[in-house]
Amino acid sequence: WDELWTMQDKEKLYKDARNGSLGYFEEIFHKFLRKEDLILEAGCGQGQLVIALKARGYQVEGIDFAPETVARLNKDFPELSIRLGDVKNIDVEDGAYSVYISIGVVEHALAGPMEFLNEARRVVRPGGLAFVSVPHINFVRRIKAALGAFQSTPGELPFYQFAFSKGEFCN
C-alpha cells in the first residue's frame with residue numbers, strides 16, 4: 001500500500017479534504033456524527049477522511065498499517081492523530097470510541113471480514129456506531145462475473161478483495 005499510495009497526486013487528494021469535503025459520505029456523516037464523538041477511522045490510508053473530519057471540528061483519530069504512509073502523514077499533518085497499527089488488534093481499551101469508520105478495508109483479508117468486525121465491535125462503546133464500506137455485488141459486477149471477468153487460475157493472481165451482497169455482509 002505504501003508503494004501504491006506514493007504514485008497518487010497528493011495535492012489533488014488533499015485539496016478537498018482540507019476544506020472538509022466528505023464526498024460520498026457527506027449526507028450520512030452529517031446525519032449521524034456529533035462533534036463530541038471520539039471517531040476512529042480504521043485503515044485510514046492516506047488520511048483524507050481524517051483530514052476532512054478534523055477540518056469540520058470532529059475529534060478523530062486514524063490508524064493504518066502502512067509505515068511509510070503513516071510517517072508521511074505525521075510529518076505533513078502534525079495536528080492529526082494518526083498512528084501505525086493493526087486494525088484487527090487496536091491498542092485501546094474496550095469501548096474507547098463512539099464511532100468506528102472503515103472504508104474499503106475489511107474486504108482485503110483472505111480469511112474474510114470477521115476479525116476486523118469483531119475488533120470494531122470491541123472498540124466501539126455500547127450504543128456507538130460503525131460505518132463499514134465494502135465492494136457491493138451490484139448489477140454490473142453480476143454481469144462481469146457471469147462473463148468470467150473475476151475468475152483466475154489458482155496461483156495466477158494474488159488475492160485482492162471480496163465483494164459482498166447486502167445479505168452476505170449483514171450476515
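**Exercise 1.** Find the residue of β2 that is the bridge partner of I39.

*Solution.* In this predicted model, numbered from 1 along each chain as its sequence is written, local features need pLDDT of at least 70 and side-chain atom pairs 80 or more, while totals for chains, interfaces and linings use all residues. Side-chain values use heavy atoms, without hydrogens and water.

Step 1: the partner of I39 is V60. Step 2: β1 (residues 38–42) and β2 (residues 59–64) run parallel over five bridges. Strands are DSSP E runs of at least two residues, helices H or I runs of at least four, numbered from the N terminus; pairing takes at least two bridges.

**Exercise 2.** Classify the ring pairs F25 with F29 and F29 with F131.

*Solution.* Step 1: the structure has four aromatic pairs (Phe, Tyr or six-membered Trp ring centres within 6.5 Å; stacked under 30 degrees between planes, edge-to-face over 60, otherwise tilted). Step 2: F25 and F29, at 5.4 Å centre to centre and 20 degrees, are stacked. Step 3: F29 and F131, at 5.2 Å and 80 degrees, are edge-to-face. This pair joins helix α3 (residues 26–32) to strand β5 (residues 124–133), across 102 residues.

**Exercise 3.** Is F29 buried or exposed?

*Solution.* Step 1: F29 has 1% relative accessibility, so F29 is buried (under 20%; exposed is over 50%, partly exposed in between, 1.4 Å probe, protein chains only). Step 2: F25, at 22%, is therefore partly exposed. Step 3: F131 is buried, as is F29. Step 4: ring pairs link F25, F29, F32 and F131 into a cluster.
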